[in-house]
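My entries follow in the order in which I looked things up.

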Amino acid sequence: MEFSFIPIILSLKVAFASVIIVACSSIPIAGLMAKREFLGKDVVESIITLPLVLPPSVIGFMLLVFFGKNGPLGKLLEQWFHTRIVFTLEGAVIAAAVVSLPLMYQSVKVAMESVDQNLEKAARTLGAGELKVFFTITLPLAWNGIVAGLVLAFARSLGEFGATLMIAGNIPGKTQTMPLAIYFANESGDTRQASILVIIMTVFSFLVIYGLNRWGKGSKRDSRGGGNNA
Amino acid sequence: MLNAHFKKDLPTFDLEVDISLSNGILALVGPSGAGKTTILQCVAGLQTPSWGEINIHDKAVFSSDHGIDIPIRNRRIGYVFQDYALFPHMTVEKNVMYGKPKKGNIPNKALNVSNVLDMLKIGHLRNRYPNQISGGEKQRVALARALMTEPELLLLDEPLSALDQDTRSTLQQELLKLQTQWKIPFILVTHDVQEAEMLGDQIIKLDRGKQEEIKGIKKLHKAQ
């Protein structure tokens with residue numbers, strides 16, 4: 001059987017879209033959680049972190065309940081936009097985003113909490129409003145954590161299997177991402193396709209972890225970037 | 001001009017403050033934990049007093065009776081932190097420019113960044129980052145940054161405590177000079193009685209939240 005590149009392309013599409021969603025949602029949420037106290041904060045925190053410990057099949061099942069034909073969100077999407085999420089690439093993106101959000105969130109929140117509060121206070125005494133403080137002080141000083149979170153979220157999105165299978169199914173050329181293609185190629189005895197994809201995923205994941213470690217060490221030495229450790 | 005009369009309940013004691021300052025330097029002196037920094041933070045708006053009022057130039061920035069609590073950014077107070085709190089990811093020049101009002105309120109002071117940097121003798125450091133300069137230089141940058149906002153009052157929290165004796169003496173002289181040039185009241189927190197006596201036109205001694213002793217000292221070198 002001929003080797004197919006399509007799962008790689010689909011996986012990359014899913015991972016990029018997922019990372020964009022995760023970045024846009026986790027940075028403001030982490031900003032709020034790191035700097036504000038409010039009622040029910042621990043509950044919100046637990047809900048965001050939950051996908052980290054839940055089996056992917058549980059997440060997939062929940063997503064099906066929400067986005068299925070009779071689910072609350074599924075119904076709305078069908079009625080208003082005549083679109084559906086189940087068995088589409090969008091479904092795979094949502095699954096990837098849900099499982100990778102906690103990784104990004106944790107990374108960003110820890111980085112923001114470690115920004116010296118005196119710097120934020122100093123900015124306020126210099127006339128900065130909360131938004132200016134966030135964009136000129138907190139965010140740049142938490143940059144290392146944000147980049148680390150982005151990379152981890154990308155890698156996790158690329159590797160998402162269980163929840164994706166449940167909500168997006170395994171439609172070759174449409175929703176069959178790399179992890180799914182590996183599983184089903186192996187099931188059907190196409191070890192060549194499976195092996196090549198396994199090698200690609202392993203090498204990529206190794207490079208991500210290796211790169212992050214190297215970069216983490218480098219930025220500690222970097223004279224300018226280490227501000228949040230000061 | 002500052003008039004502050006307030007109380008702040010702290011975990012181990014209540015802080016009572018009654019300060020009136022028109023010009024010159026007020027030195028707050030006392031041991032660690034006496035409430036010196038809390039006073040500065042209440043005046044700046046970084047902490048909220050339990051009760052009382054704070055007026056700057058006869059304008060209330062805090063009043064528990066009238067429910068006024070003007071946010072820090074609108075109080076027009078310069079604050080120099082004990083650890084300088086320079087932004088590590090910005091150059092000296094960007095640090096100093098951070099709080100510059102878009103439209104200056106005091107045109108006759110010709111407040112451009114070069115003037116302020118030169119006045120504090122840090123012009124040559126403008127493109128350096130905070131971790132590439134010495135403690136004394138950081139202190140000058142922090143001062144320049146606070147002055148650049150055109151404050152009506154400057155608060156200094158142990159500004160010289162981390163410096164060696166030589167740098168300290170030089171900066172003490174420069175603080176006196178700056179105050180006469182700038183003509184705004186300074187409140188300076190220190191745990192060093194000698195420093196308080198050297199710099200303060202007024203001295204308040206604090207112990208566990210109580211104002212112990214108030215001296216109105218006219219400094220000799222000012223009369224000269």
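I took helix axes as lines fitted to C-alpha atoms over the stretch in contact, with angles running from 0 to 180 degrees between N-to-C directions. Helices (H or I, at least four residues) and strands (E, at least two) are DSSP runs, numbered from the N terminus.

I note that this is a predicted model, in which local features need pLDDT of at least 70 and side-chain atom pairs count only at pLDDT 80 or more, while totals for chains, interfaces and linings use all residues. Residues are numbered from 1 along each chain as its sequence is written, and chains are lettered from A and ligands numbered from 1 in the order in which they are written.

**Helices of chain A.** I looked up helix α1 (residues 6–35) of chain A against α5(A): the two pack at about 40°, with axes 6 Å apart. α1(A) is therefore oblique to α5(A); angles under 35 degrees count as roughly parallel, over 145 as roughly antiparallel, 65 to 115 as roughly perpendicular and the rest as oblique. The crossing of α1(A) and α5(A) is right-handed, that is, the near helix is turned clockwise from the far one by less than a right angle. I found 22 nonpolar, 5 polar and 3 charged residues in this contact. Here Ala, Val, Leu, Ile, Met, Phe, Trp, Tyr, Cys and Pro count as nonpolar, Asp, Glu, Lys and Arg as charged, and the others, Gly among them, as polar.

I then turned to helix α3 (residues 56–67) of chain A, which packs on α5 (residues 89–113) of chain A at about 130°, with axes 11 Å apart. On α3(A), I listed A:P56, A:I59, A:G60, A:L63 and A:F67; on α5(A), A:G91, A:I94, A:A95, A:V98 and A:V99. Residues are in contact if their C-beta atoms, placed from the backbone, lie within 7 Å.

**Sheet of chain B.** I read the open sheet of 5 strands as β2-β1-β4-β5-β6 (chain B), with antiparallel pairing; strands pair if DSSP finds at least two bridges between them. Its edge strands are β2 (14–21) and β6 (68–69) of chain B. I found 6 bridges between β1 (residues 2–9) and β4 (residues 51–56) of chain B, with B:F6 partnered by B:G52 in β4(B). Helix α1 (residues 36–44) of chain B lies across β1, β2 and β4 of chain B, at about 115° to β1(B).

**Between the chains.** I recorded 19 residues from chain B and 18 residues from chain A in the contact. The chain B side has 11 nonpolar, 5 polar and 3 charged residues.

How values were computed. Contact = placed C-beta atoms within 7 Å.
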